Amino acid sequence: MARGIDRKQAAQEENSQETAPVSASPDLSPEFSSVCKHWDRMLPNSPIYTFLFSTLTLRSASHGRVVANMIVSSPHMNSKGTLHGVVSSSLVDCMGGLAIASTGAEHTGLSTDIHTTYVRGAKEGDELEVVGEVRKVGGSLAFTSVEIKNMSRGGDFVATGTHTKYVRK
């Protein structure tokens with residue numbers, strides 16, 4: 001049986017949602033600046049990222065590499081009480097794009113392929129470390145990889161993924 005939602009309450013919650021924090025670290029590199037600019041442009045236009053990544057914090061960036069942390073919260077859970085696969089896949093999507101942004105690219109392209117391998121679950125309250133890396137940026141396609149680790153459980157892998165994007169303008 002589905003649980004009913006009070007429309008007034010849902011509207012209030014939607015209006016009170018905060019956007020994801022950009023950074024809690026003092027990373028002042030040009031790459032980090034590029035990633036933050038991309039994030040600030042993208043987030044207001046992506047309701048799903050705003051919803052899923054309210055606990056995501058960008059930590060650092062270097063050329064072709066981005067590191068973030070995220071606390072698993074109740075909207076991230078599946079019916080079994082563990083991290084929902086769509087959250088892991090969305091992290092692969094998001095962090096792959098941010099890794100491309102760390103190269104100074106103004107536009108990070110359109111997804112052509114996303115592959116996620118689920119290794120182990122995560123529970124509400126767990127802290128995830130998410131690392132996105134560029135493998136290659138060519139004339140038409142960019143290839144990235146993403147690792148999601150559970151830092152609350154000794155750095156165990158939660159998921160890994162690859163993301164291919166069409167980047168030709």
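This note comments on an aromatic pair, a surface patch and a helix.

1. Basis. The model is predicted: local features need pLDDT of at least 70 and side-chain atom pairs count only at pLDDT 80 or more, while totals for chains, interfaces and linings use all residues. Residues are numbered from 1 along each chain as its sequence is written, and side-chain values use heavy atoms, with hydrogens and water left out.

2. Aromatic pair. Rings of Phe, Tyr and Trp (its six-membered ring) pair if their centres lie within 6.5 Å; planes under 30 degrees apart are stacked, over 60 edge-to-face, and the rest tilted. The count under this rule is one aromatic pair. Y49 and F53 have ring centres 5.1 Å apart and planes at 45°, so the pair is tilted. Buried denotes under 20% relative accessible area, exposed over 50%, and partly exposed in between (1.4 Å probe, protein chains only). Y49 is buried at 8%, and F53 is buried at 0%.

3. Surface patch. L110, L141, F143 and Y166 make a nonpolar surface patch of about 350 Å². Accessible areas come from the Shrake-Rupley method with a 1.4 Å probe; for residues, only the protein chains shown count as cover. L110 is exposed, at 59% relative accessibility.

4. Helix α2. The buried residues of α2 are F32, S34, V35, C36, H38, W39 and M42.

Definitions and conventions
Patch = residues over 30% accessible without salt bridge, like charges linked within 9 Å, V, L, I, M, F, W, Y side chains within 5 Å. Salt bridge = Lys/Arg side-chain N within 4 Å of Asp/Glu carboxyl O. Helix = DSSP H or I, 4+ residues; strand = E, 2+ residues; numbered from the N terminus.
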